[in-house]
Amino acid sequence: MASVSVAQAAQRLGVSVPRIHQRIADGSLAAERIGSQWVVDERSLVRIQERSKAGRPISLRSAWAVIAASENDRDRLKEGGSVTSARARVHLDRLLAPYLVRADDEESVGELAVSLRSMFRNRAERRLLRAAPADLADLRADSRWASLVDLGASGIASGDVEGYLEESKVEGVAKDYLLVESDRGANVVLHVIPDGQYPFPNSRLRLAADLAEHRGPREEARAAELVHELAPEWKEVER
């Protein structure tokens, strides 16, 4: 994406220019200095705009409960208690109900992607990293992954490595493969989860959330397809 001026960023967020400079200084808004002027990264600005418009994200525990509900995994739902289970079903119903009727237009797909990113933002800490290309095959085959995200099976061609990793194993994996933080040019996506958290490797809803976070048109379209598949199945479960 392109960059915008500080004044344009302030106008789009509805705040003052000094407030934009504050965000740049505290790192909450990505920007770079060109000559004597700051320019704001469009992607960073879009994320902030989206968060102000989207619904409130649910907690890590609730996010995984919703995913368990989408899998009709009653045993894991029971582990969270009756209140968490009931709330998970309400959240899932609100998410899926509008998509019982298939809508593939760009606006509907975009709105759904925003909903997925917002609702499931707290399910894991998403980290963008870079590994040496020669190490990607070994990294993908590493036994420490809790679950890999198979973008290829989703119809998205990618040589990158993406997966869920328990928090206690992150440091070791990062050290072994010399992973470095890299927002641009990242080829590794880590979803860091608490130790013991089941990542629901076959969940279409979790995969839809993973895809939506890529923010690409193909990924968002595939995420919408997965939700459209789930919606009528969920309706049958709830009858």
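Two strands pair if DSSP finds at least two bridges between them. The views below show close-ups of a predicted model.

**View 1. Strand β6 and its antiparallel partner β5.** Strand β5 (residues 147-148) pairs with β6 through two bridges in the antiparallel sense. Within this pairing, L148 has G163 of β6 as its bridge partner.

**View 2. Strand β6 and its parallel partner β8.** Six bridges link β6 to strand β8 (residues 188-193), and this pairing is parallel. Here E162 has V189 of β8 as its bridge partner.

View 3. Strand β6 spans residues 161-166, and six of its six residues are buried, so the strand is largely enclosed by the rest of the structure. Residues V161, G163 and L165 point one way from β6, while E162, Y164 and E166 point the other way; all are buried.

View 4. Strand β2 (residues 31-34) and strand β3 (residues 37-41) run antiparallel and are joined by four bridges.

**View 5. Residue S44 in helix α3.** Helix α3 covers residues 42-53 and includes S44. The relative accessibility of S44 is 9%, so this residue counts as buried, the cut-off being under 20%. Leaving aside residues up to four places away in sequence, S44 touches S28, L29 and A30. Although 14 residues separate S44 from A30 in sequence, their C-alpha atoms are 5.7 Å apart in space.

Terms used. Residues numbered from 1 in each chain as written. Predicted model: local features only at pLDDT ≥ 70, side-chain atom pairs only at ≥ 80, totals over all residues. Heavy atoms only, no water. Buried < 20%, exposed > 50% of the residue type's maximum accessible area, 1.4 Å probe, protein only. Contact = heavy atoms within 4.5 Å.
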